[in-house]
Every structure is written in C-alpha cells, then in structure tokens.
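This report describes one protein chain for a reader who is new to structures. Please look over the sequence and the model before reading on.

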Amino acid sequence: MKTKLIATWLLGIALTGCQKDFLTVIPETALSSATFFKTEADFQQAVNGAYVPFRQMYNERAWVLEEMHSDNTYYARNTLYGAVDPTENVADFAVPTANGVTANDNVLVQYRLNYVIIARANQILALIDGAGITFSTPANKDNLKGQALFLRAFAYFDLIRLFGKVPLHLVPITGREDAALPLSTAEQVYAQIEKDATDASKLLLNKAKQEAGRATSGAAKTLLANLYLTQKKWAQVEPLMKDVVTNDGYTLMPDYNNAFAFTSTNKNNQESVFEVQYMEGSAGYNGNQIYRFLPSPISAAEIAPITGTSNPQPTSQESNNIPTPDLIAAYEPGDKRKDISIGTVVLNGSLRAEKTYPYIKKYARTHSLHNNTGQNWPVYRYAEVLLFLAESLNEQGKAGEAATYINQVRTRAGLAATKATSQADMREAIFKERRVELAFENKRWFDLTRTGRVKEIIGAYGAKVKANPAAYYFPAGAVPPPNAFTVLDDYYGLPAVEAALTPNF
C-alpha cells in the first residue's frame, strides 16, 4: 500500500462537498473535491487516505472496546498510577451512561474514526463515476470503487455492532444542515452494509491479483458473511464461505505463530484475508500496541527479552489487555496456540504478592526502537473463514459437515478432532474454538453480543473478579470500583460530545 499520504488534507476533502452554485468561483490553488479529483491517481490517493484511520483505531481503541470489554482480557491495576481512567471503566463494565450517551473517550474516538473512513469513502463514491474522468482500465476503476465500498461497509459494521443505532451518511456532507441525520435502525444499516459489501465483492480483485494490504474480493465476502452471521442468516453464510475456501487461494499457515505478521516480514500472508498495515520507523506509520499491553511497572531488563530493542526503557503505567485466568484456562492441554499467544513476565517492582503476569505474546515481535513497532494487525484470517463456515453449517443442522472445518483449525493447533456431534455440542465447541483461535483479535465482545450471552458470561466473570481481585492483577488492598460489572448492555452509549452537535441523540 502506498504510504505517502497527507492525512489532514484528505480529511479536508472528505468533509468538502461539490459546489453546485455555478456563480461560485473556486480558487485554482484551493485543495477541494472540485479541484482535486481529476485523474485516476487522484482517486488512488484518496482511497489510500480512506485506510489511514485504521492505524489509530487498531492501535488505540478497538482492542479496548472489543477485547478488553470481555472476559478475555482485563487491566493490571497499578495503584501508583492514579485514579481509575476511562479505559478501566470499559474493562470494568462500568462505562457511565445517561440518556443513551457517554463521555467515555474510547467511545468518542472509535466513533469518529469510523466516520472519517465513511466520509472519505463517500467522497470517492460520489465522484468516481463522474463524467470526464479517465481510468487506465475499467478494472482499475472497479478496484478503487470496490475498496471504497468495502471500507464504508466495514466502518458501518463496526459502528452498528458497537452502538445499535447510528446516523447513516451515504453522500458527502456539504453543510451543517445535512450533518446531523436521524439515527438509523440496525436493520437499515445492515441493509446498506449488505449492499456495499456485495457490490465490493464483485468489483474487487482477488488476493492473487490485488496489491498487498488492500481489500480483496475475499475480504468483502468475509465481511458479508460476518454480517449474515450476526443476523443469523446461516444459509447465506455457507455459499459465501465455500466460495472463499474453494476459489480465493487462502490457506492456513502450517505454524500458528506464522499466521501473524512480524515487524517487517510475513505480512499479508496466505492466511491473511484483511489486516491493518503498520511500518516501523520515523515516517509515522508505526504502531506501539505491545507497549500498551505489557504489564507495568516493568524495568528495562524485564522488557528487553520481550521487545528485543537496542534501547529498552522501563515503563510505569496502568496496564491494559492482560490475558485473564479465564482465557488461560480455556486452552485445552496440548494446544500449541497457548504458548504462542500468551507469555509470562516477572515484574519485581510490582506491588502484587504474585509478581508473575501474563501478556499478549503473539503481538510481541522483535523490533528496533522502543515504542515503535511495525507488525500488522489481523482483522480477518482464513481460520475465521473456516469457523464461519462451520458455524453456518451447524446452525443448519449439518453438524457432521461443520466438523470438517473446525477440525482443520484444531489440527493446526495440535489438537484431536472435536468430539461434538449434536448441534448443541457443536455450537458450544465452535464458540470455544473461536475464543482461543481468535484471542486478542477483537472478536470476543461481538461473539458475546451476537449470541446473547453477555449477561450470562460477563455476570459470572464479574462475580469472580470481585470475589478474588488478587487473581485478576489487583495488589493487596486494591479492589474493583463499586460500580464494576453493573453495565452489562449489548451496546455502548453514543458519544456525549457528538450528542451536543445533533438533536437526534
């Protein structure tokens, strides 16, 4: 993917509409949609810019709202760090919400980043079919349009699963009067996602022909299958995923460890259906997720073997996304994924009596500079395609056929074939398999909501945390806040800051 992007400029054009008044003279030196979109290269650069918000989203917020807001990970309380912060509120299921809105900044930033993607995609889609624009080939135009459709569908899918109702913007905003739309229902947003993802799947190139890092036809079909899975349209998932399995050229990497990118190698590999692109270095395209996830306070000597940098530095922070004892216990004996996914480190400066902490090992890739990493973030992997297919088959009463696909995932993990034969047992087996196969990939929260198991699973998990805080990384004398595990809703409140800008929520 081209990386020389001017993010602030692209935001400007994304929020600038076409001027329809012929009396308005647009300065030739002004950078706007009216003066910029003239060539194929212009659209290419605009599409590049539509991907940009993913880097911040997956580095900073998605894992907070979609992984740590589950029973997979928690935060490691550091009483020296200070008061409970908005990220801990998410982990504690205690996000303050009133009248359907919340001031939590994780919610606000994730909401806005998704709408930046949508705004940029809308600008592209509004103009790409315009007269007078020449593309080198029809396929190139289709590929650019398909990427914009995929990105808009993806952003709306994230939004509707987080909030339940959101404004549905499908054309560029030209002024304040069209900026504050009413909230659309889940069904309305789902219908638009279905249309966009379906169209994208027909326009995009497949993995073999697509430039590495860009959305492919397989990625669009996988997104569409994820939508149908959420809607329990099982019969519509099956042909999509069988098409991907049969025709799109994906395979499981033989070693689970190699399913994930390293700092500069193994990116967009044959298991990768879609991943967010990062690049280590000073250009501004790097991530630093592992530093956000490591338990703390950690010394330079303790962090050095994990990061491998030449300049290891200590950190003292409130640590997040720490694997829970519940997740660790979910791995079966002999599961190769456990030691690849989860490591342990001894923090001699910890205030806990038990100074050994787990951490997310599968993102701890050796790199050069402290707090500067380059491994990509997996969004969709072929392993999930297989599990989508298994789930759709089982829900149609085809448990035996479903076993074929879940067992491919289990075999790679070094496990025996599933013993599940009934539909109910297979349903639970797939649910559990998703948890360990896709751990720390921001899937768990959405699995809980779409299966209606939030109150059942998080209620029991919260009771364990409150009954035994020491087992969940609290030092002696520290406990979860009184309101912990009291907000067990399927959706977050909408951002309060945005509510101040619209009469609709």
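Asn-442 counts as buried because its relative accessibility is 4%, and the cut-off for buried is under 20%. The model is a predicted one, and every value in this report is computed from it. Asn-442 sits in the loop that runs between α17 (423–437) and α18 (444–450). Its phi is positive, at about 65 degrees, although Asn-442 is not a glycine. Most residues other than glycine have a negative phi, and most peptide bonds are trans.

**Backbone exceptions**

Phe-93 is another residue that is not a glycine and has a positive phi, here of about 50 degrees. Phe-93 belongs to the loop between α5 (86–91) and β2 (97–98). With a relative accessible area of 0%, Phe-93 is buried.

The peptide bond that leads from Ser-296 to Pro-297 is cis, and its omega is near 5 degrees. Pro-297 is placed in the loop between α11 (289–293) and α12 (300–307).

**Around Ser-319**

Ser-319 is in strand β7, which covers residues 319–323. Which residues does Ser-319 contact, leaving aside its neighbours within four places in sequence? They are Tyr-75, Ala-76, Leu-294, Pro-295 and Ser-296.

Ala-121 is part of helix α6, which spans residues 105–127. Apart from residues up to four places away in sequence, Ala-121 touches Ala-148 and Arg-152. Between the C-alpha atoms of Ala-121 and Leu-294 the separation is 35 Å, and these two residues are 173 residues apart along the chain.

Arg-435 is located in helix α17. Is Arg-435 buried or exposed? At 12% relative accessibility, Arg-435 counts as buried, because the cut-off is under 20%. When residues up to four places away in sequence are not counted, Arg-435 touches Asp-71, Asn-72, Thr-324, Asp-326, Leu-327, Ala-330 and Arg-444.

| Residue | Relative accessibility | Class |
|---|---|---|
| Ser-319 | 0% | buried |
| Ala-121 | 0% | buried |
| Arg-435 | 12% | buried |

**The chain as a whole**

The chain contains 20 helices and 11 strands. Its radius of gyration is 23 Å, close to the 23 Å that the globule rule gives for 505 residues, so the chain is as compact as a globular protein of that length. Along the principal axes, the C-alpha atoms fill a box of roughly 75 × 55 × 50 Å.

How much of the chain is buried? Of its 505 residues, 59% count as buried. The chain exposes about 19,600 Å², and 55% of this is supplied by carbon and sulfur atoms. Among contacts in the chain with a separation of 6 or more, 72% are between residues 24 or more positions apart.

The chain carries 50 positive and 50 negative side chains. The centres of these two sets lie 2 Å apart.

Definitions and conventions. Residues are numbered from 1 along each chain as its sequence is written. This is a predicted model: local features need pLDDT of at least 70, side-chain atom pairs count only at pLDDT 80 or more; totals for chains, interfaces and linings use all residues. Side-chain values use heavy atoms; hydrogens and water are left out. Helices (H or I, at least four residues) and strands (E, at least two) are DSSP runs, numbered from the N terminus. The radius of gyration is taken over C-alpha atoms; the globule rule is 2.2 Å times the number of residues to the power 0.38. Buried means under 20% relative accessible area, exposed over 50%, partly exposed in between (1.4 Å probe, protein chains only). Contact means heavy atoms within 4.5 Å. Accessible areas come from the Shrake-Rupley method with a 1.4 Å probe; for residues, only the protein chains shown count as cover. Lys and Arg count as positive and Asp and Glu as negative; His and the chain ends are not counted. The place of a charge is taken as NZ of Lys, CZ of Arg, CG of Asp or CD of Glu.
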